[in-house]
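This report sets out selected features of one model, grouped by topic. Please read it alongside the sequence and the coordinates.

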Amino acid sequence: MKKDDCIFCRIANGEIPSRTIYEDTDFRVILDNGPATRGHALVLPKEHYENLFAMPEDKAAQAMKVARAAASQLVDKLHADGLNLVQNNGTAAGQTVQHFHIHLIPRYENDGQHILWSPSSPTDKELDETLRSITG
């Protein structure tokens, strides 16, 4: 179901024009209007899901299939040297539009982008405690 006040719902359902590179009955893939690099695209489900956790498992799997196909096309056609696949959930993780979406960011040597994190250095004890918290 589309959410009337969601801009990504409106774009995904064709109510707002977009530069669409792929569309099927459930998804639309568009070029991002504020791209990190040339060819930066967004995979948008036509149905509204706030984030990955609100999305049915079969739709999440379908989103990944669409993302893989579109990413392959971007890398091939734009001669990218690599690609970042980014999917944020919640504002603390950088999600700015509360509609599930996947960023496909083609990467080029020396493109100036830094989509990486700074690794921390937990102790073995801290890692073991984290493992127990997750699995125990």
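## The loop at asparagine 13

Asparagine 13 is found in the loop that lies between α1 (7-12) and β1 (20-23), where helices (H or I, at least four residues) and strands (E, at least two) are DSSP runs numbered from the N terminus. At 33% relative accessibility this residue counts as partly exposed, a class between buried (under 20% relative accessible area) and exposed (over 50%), with a 1.4 Å probe and protein chains only.

Leaving aside neighbours within four places in sequence, asparagine 13 is in contact (heavy atoms within 4.5 Å) with Lys2, Arg28 and Lys46. The C-alpha atoms of asparagine 13 and proline 45, which are 32 residues apart along the chain, are separated by 8.9 Å.

## Basis of the model

The model is predicted, with local features needing pLDDT of at least 70 and side-chain atom pairs counting only at pLDDT 80 or more, whereas totals for chains, interfaces and linings use all residues. Residues are numbered from 1 along each chain as its sequence is written, and side-chain values use heavy atoms, with hydrogens and water left out.

## Cysteines

The structure holds zero disulfides, a disulfide being a pair of cysteine sulfur atoms within 2.5 Å. Cysteine 6 is in no disulfide, and the nearest cysteine sulfur, that of cysteine 9, is 3.8 Å away, which is too far for a bond. Cysteine 6 counts as buried at 7% relative accessibility, and cysteine 9 counts as buried at 0%.

## Helix α3

Helix α3 (residues 124-135) has 12 residues and reaches 16 Å from its first C-alpha to its last, close to the 16 Å expected at 1.5 Å a residue, where the expected span is 1.5 Å times one less than the number of residues. Of these 12 residues the number buried is zero, so α3 lies largely in the open.
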